Amino acid sequence: QYKKHILERNCRFLDVENYSLEQYLDINSFHYGMYYKDELLKLGFTKQEMDGFILDKYEEYVKEKEEDEDD
């Protein structure tokens with residue numbers, strides 16, 4: 001639950017309008033979707049955990065954006 005809270009906090013500013021999912025999943029990219037990724041890795045988070053969370057959040061934000069546009 002604590003891990004989820006940290007991941008949630010680090011993904012809250014994903015910008016689905018200006019950046020692609022690929023940019024957020026490239027760990028070497030400036031736009032990687034996790035802030036403080038090196039510290040998270042040192043704490044025991046895995047890249048797979050972070051990538052899975054980024055993917056879920058990105059899809060959630062895209063869906064919200066599409067729903068907002070439909071209204």
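Student: Which helices do the buried residues of H1 pack against?

Tutor: In this predicted model, the buried residues of H1 pack against H3 and helix H4, the latter spanning 47-70. The buried residues in question, within helix H1 (residues 2-10), are Ile6, Leu7 and Asn10.

Student: Why are these buried residues said to line one face of the helix?

Tutor: Seen down the axis of H1, the buried residues fall within an arc of 95°, and therefore they line one face of the helix.

Student: Why does Tyr36 count as exposed?

Tutor: The relative accessibility of Tyr36 is 58%, and exposed means over 50%, so Tyr36 counts as exposed. Tyr36 lies in the loop between helix H2 (21-25) and helix H3 (37-42), and together with Phe13 and Tyr35 it makes a nonpolar surface patch of about 390 Å².

Student: Which residues have the most contacts inside the largest nonpolar core?

Tutor: They are Met34, Met50 and Ile54, in a core that has 17 residues. H1, H2 and H4 each supply at least two residues of this core, and the largest share, 5 residues, comes from H4.

Student: What makes Met34 a contact of Ile54?

Tutor: Contact means heavy atoms within 4.5 Å, and, leaving aside neighbours within four places in sequence, Met34 is listed among the residues in contact with Ile54, including also Cys11, Leu14 and Tyr24.

Terms used: Residues numbered from 1 in each chain as written. Predicted model: local features only at pLDDT ≥ 70, side-chain atom pairs only at ≥ 80, totals over all residues. Heavy atoms only, no water. Patch = residues over 30% accessible without salt bridge, like charges linked within 9 Å, V, L, I, M, F, W, Y side chains within 5 Å. Areas by Shrake-Rupley, 256 points an atom, 1.4 Å probe, with all protein chains shown as cover. Salt bridge = Lys/Arg side-chain N within 4 Å of Asp/Glu carboxyl O. Helix = DSSP H or I, 4+ residues; strand = E, 2+ residues; numbered from the N terminus. Buried < 20%, exposed > 50% of the residue type's maximum accessible area, 1.4 Å probe, protein only. Arc of directions from axis to C-beta. Core = buried A, V, L, I, M, F, W, Y, C linked by side-chain atoms within 4.5 Å.
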